[in-house]
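Subject: Structure handover

Hi,

Here is the structure I promised to pass on. Please open it next to this note; what I found follows below.

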Amino acid sequence: MKIRSTVLVLMALAAWPALAANEEMRKLDWLIGEWKGEATVQMGPGKPETALQHEKVQSKAGGKVLLIEGVGRQKLEDGSAGEIVHDAMALISWDEAKKTYRFSTFVANRPDADATLEVTGPNSASWGFQTPQGHVRFTISKTEKGEWLEIGEYSRDAVKWTKFMDMKLQKVK
């Protein structure tokens, strides 16, 4: 009986990091689903570009990882979708040893990035990364209407920020 109890305790202790990781990952469950809407990007002077955006967020590996797939297509004058202007994938997981999220992004025609991610509330998060030119951050929140609202900003000094992206999506699945 003593051996069985010891084995159960050891199994529970071994499972503890996975349980903690799943608990941290559940804080991002509000993102899971399929989302569609529009993203507007303003990179420098000129007219902003609008894309019809589709994001698919799935929980994988028993809740240990979020897989995010995003595709944006140029919004044509008639409102239809044109060529792909954004093709991205991201993986988010919890690093129990460092007590932080791991967030790796992969975007076609751009360098990959290991980003930081912080859960800032029950339905909000902030993520970002550094480039040789400065800092990029994104703030994501779920609105009272259940929409995914994401703002992208850039800063050379991490003090003064300039908005370059605004995305609003509705959950479709």
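I'll start with the aromatics. Ring pairs link F103, W127, F129, F138 and F164 into a cluster. Bear in mind that this is a predicted model.

In total there are six aromatic pairs. Take W35 and W148. Their ring centres are 5.4 Å apart and their planes meet at 80°. Planes over 60 degrees apart count as edge-to-face, so W35 and W148 form an edge-to-face pair. W35 belongs to strand β1, residues 33-41. W148 belongs to strand β9, residues 148-155. The pair therefore ties together parts of the chain that are 113 residues apart in sequence. W35 and W148 are both buried.

One more ring is worth a look. R137 places its charged end over the ring of W161, at 3.9 Å from the ring centre.

Now the overall layout. Along the sequence, the pattern reads α-β-β-β-β-β-β-β-β-β-β. The chain has 173 residues, and 35% of them count as buried.

Strand β6 covers residues 113-121 and strand β7 covers residues 124-131. β6 and β7 pair in the antiparallel sense, over five bridges. They form a hairpin, with two residues between them. G121 has S124 in β7 as its bridge partner.

Strand β8 spans residues 134-142 and runs antiparallel to β7, joined by eight bridges. Here too, two residues lie between the strands of the hairpin, β7 and β8. T131 stands opposite G134 in β8.

Which strand does S126 lie in? S126 lies in β7. Its relative accessible area is 22%. Buried means under 20%, so S126 counts as partly exposed. Leaving out residues up to four places away in sequence, S126 touches T116, L117, E118, T120, F138 and T139. F138 is also part of the aromatic cluster. S126 and I140 are 14 residues apart in sequence, while their C-alpha atoms are 6.1 Å apart in space.

Last, the core. How many residues does the largest nonpolar core have? It has 27 residues. Those with the most contacts inside the core are L28, I92 and W148. Strand β10, residues 162-171, gives the largest share of this core, with four residues. W148 is the tryptophan that pairs with W35.

Setting aside neighbours within four places in sequence, I92 is in contact with M25, L28, K64, V65, L66, I68, Y101, R102, F103 and L117. F103 is in the aromatic cluster, and L117 is touched by S126.

Best wishes

Key: Residues numbered from 1 in each chain as written. Predicted model: local features only at pLDDT ≥ 70, side-chain atom pairs only at ≥ 80, totals over all residues. Heavy atoms only, no water. Phe/Tyr/Trp six-rings, centres within 6.5 Å; stacked < 30°, edge-to-face > 60°. Buried < 20%, exposed > 50% of the residue type's maximum accessible area, 1.4 Å probe, protein only. Lys NZ or Arg CZ within 6 Å of the ring centre and 35° of its normal. Pairing = 2+ DSSP bridges. Core = buried A, V, L, I, M, F, W, Y, C linked by side-chain atoms within 4.5 Å. Contact = heavy atoms within 4.5 Å.
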